[in-house]
Amino acid sequence: MAPASVGEMKRPGEPIGEGEGTTTSAATVPAGAAADPDVALMLRLQAGDQAAFQDLFQKFSPRVLQYARRLVGSEARAEEVTQDVFVQIFRFRNRYKPQSRLTTWVFTIATNLCLNELRRPERHLRVDLWERRDGEDHPEGPPLPDPAAVTPEEGAATRELADQLREAVAALPPKQRMALLLSRVDGLAYRDVGEAMGCSEGAVKALLFRATQTLKQSLRDFL
Amino acid sequence: MRCGQAQRLMTSAVDDELGPRRRRALDHHLAACDACRREIAATGTVLDTVARLPAEVLVSARLEQATLRRLRITAS
């Protein structure tokens, strides 16, 4: 089967569909946002540029898939959620406003879909949140390097800390886990974490405080 | 400021998300409290370790193609 591409949906040069919502015209883009390559990417998608979706998928899907894996538990479910995220990005591309960071908008969609997935009644079984991928020795990638570790014993301690941390993060309640991953792993400011999760900055701080307290308890032996 | 209040501000302080007034109050408390200095150091270690978790994972060509197939259906 030939690789599917957005370009196959319409003839070259033809718009790729209207999408839902109101298109942002170049005239409505704030001055600062105009120089942002992410905004430019979305404007290309809104204007019907067929290659823009693939560029967007390649840029954001590795982060979205990793985020979904850590939230919904299994590789298959995370892949389903990732597909849903990008289908929604495409469907609602005209609702994106350049006033928001594209990363925040993408993670807002991802967060909502992960929460929906976790709410599905048949999904309440306990799952291995760090399920290994086929042929993968380390579900989270290679052990975290510790530039300060100078002996094998120190390296082993670092790996042990990393393993313990993964288990502790996986055991956090979903909203605490989301706030922690969005702020510390994906680098969103608290304001953007609140936007992605649909809650206030104060609520984000409370979630992160509880998450950090739990992690400190779990990792007490290493601290 | 009491230790309990200080501890509630530590995560935001490590993330540099604390307003200047609270930051000053926390710093004032830390200057006088060994236990809270140890606690904020532990908070920093935990959050730094979380930040070193990989943010990305390899996406298979199979997933990209499946997504693009769904997109074609959505667009048609």
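**Contacts, packing and burial**

User: Which residues does Leu47(B) touch, not counting residues up to four places away in sequence?

Analyst: This is a predicted model: local features need pLDDT of at least 70, side-chain atom pairs count only at pLDDT 80 or more, and totals for chains, interfaces and linings use all residues. Residues are numbered from 1 along each chain as its sequence is written, while chains are lettered from A and ligands numbered from 1 in the order in which they are written. A contact needs two C-beta atoms, placed from the backbone, within 7 Å. With residues up to four places away in sequence left out, Leu47(B) touches Arg184(A), Thr212(A) and Val14(B).

User: Is Leu47(B) buried or exposed?

Analyst: Leu47(B) sits in helix α3 (residues 34-51) of chain B. Helices (H or I, at least four residues) and strands (E, at least two) are DSSP runs, numbered from the N terminus. A residue is buried with 20 or more other C-beta atoms within 10 Å of its own, exposed with 12 or fewer, and partly exposed in between; C-beta atoms are placed from the backbone. Leu47(B) has 21 other C-beta atoms within 10 Å, so Leu47(B) is buried.

User: What separates the C-alpha atoms of Leu47(B) and Val14(B)?

Analyst: These two residues are in contact. They lie 33 residues apart along the chain, and their C-alpha atoms are separated by 8.0 Å.

User: How many residues does each chain bring to the contact?

Analyst: Both chains take part in the contact. Chain A gives 43 residues, and chain B gives 34 residues.

User: Which helix gives the largest share of the side of chain A that touches chain B?

Analyst: At least two residues of that side come from each of α3 (50-72), α4 (75-91), α6 (152-170), α7 (174-185) and α9 (201-218) of chain A. The largest share is eight residues, and the helix supplying it is α3(A).

User: How do the residues of the side of chain A that touches chain B divide by type?

Analyst: Ala, Val, Leu, Ile, Met, Phe, Trp, Tyr, Cys and Pro count as nonpolar, Asp, Glu, Lys and Arg as charged, and the others, Gly among them, as polar. On that basis the side of chain A that touches chain B has 24 nonpolar, nine polar and ten charged residues.

User: How are α9(A) and α1(B) oriented to each other?

Analyst: Axes are lines fitted to C-alpha atoms, for helices over the stretch in contact, and angles run from 0 to 180 degrees between N-to-C directions. Under 35 degrees counts as roughly parallel, over 145 as roughly antiparallel, 65 to 115 as roughly perpendicular and the rest as oblique. α9(A) packs on helix α1 (residues 3-14) of chain B at about 100°, with axes 9 Å apart. α9(A) is therefore, relative to α1(B), roughly perpendicular.

User: Which residues of α1(B) meet α9(A)?

Analyst: The contact of α9(A) with α1(B) involves Lys205(A), Leu208(A), Phe209(A) and Thr212(A) on the α9(A) side. Facing them in α1(B) are Arg8(B), Thr11(B) and Ser12(B).

User: What is the handedness of the crossing of α4(A) and α5(A)?

Analyst: α4(A) and helix α5 (residues 102-119) of chain A pack at about 135°, with axes 9 Å apart. The two helices are therefore oblique. A crossing is left-handed if the near helix is turned anticlockwise from the far one by less than a right angle, and right-handed if clockwise. The crossing of α4(A) and α5(A) is right-handed.

User: How many residues of α7(A) are buried?

Analyst: The buried residues of α7(A) include Met178(A), Leu181(A) and Arg184(A). α7(A) is largely enclosed by the rest of the structure, because the buried count is ten of twelve.

User: What is the phi of Asp16(B)?

Analyst: Asp16(B) lies in the loop between α1 and α2 (20-32) of chain B. Asp16(B) is exposed, with 9 other C-beta atoms within 10 Å. Most residues other than glycine have a negative phi. Asp16(B) is not glycine, yet its phi is positive, near 60°.

User: What radius of gyration does chain B have?

Analyst: Chain B has four helices and zero strands. Its C-alpha trace spans about 65 × 25 × 15 Å along the principal axes. The radius of gyration is taken over C-alpha atoms, and the globule rule is 2.2 Å times the number of residues to the power 0.38. For 76 residues a compact globule would be near 11 Å, but chain B has 22 Å.

User: What share of the residues in chain A is buried?

Analyst: Chain A comprises nine helices and zero strands. Of its 223 residues, the buried share is 38%.
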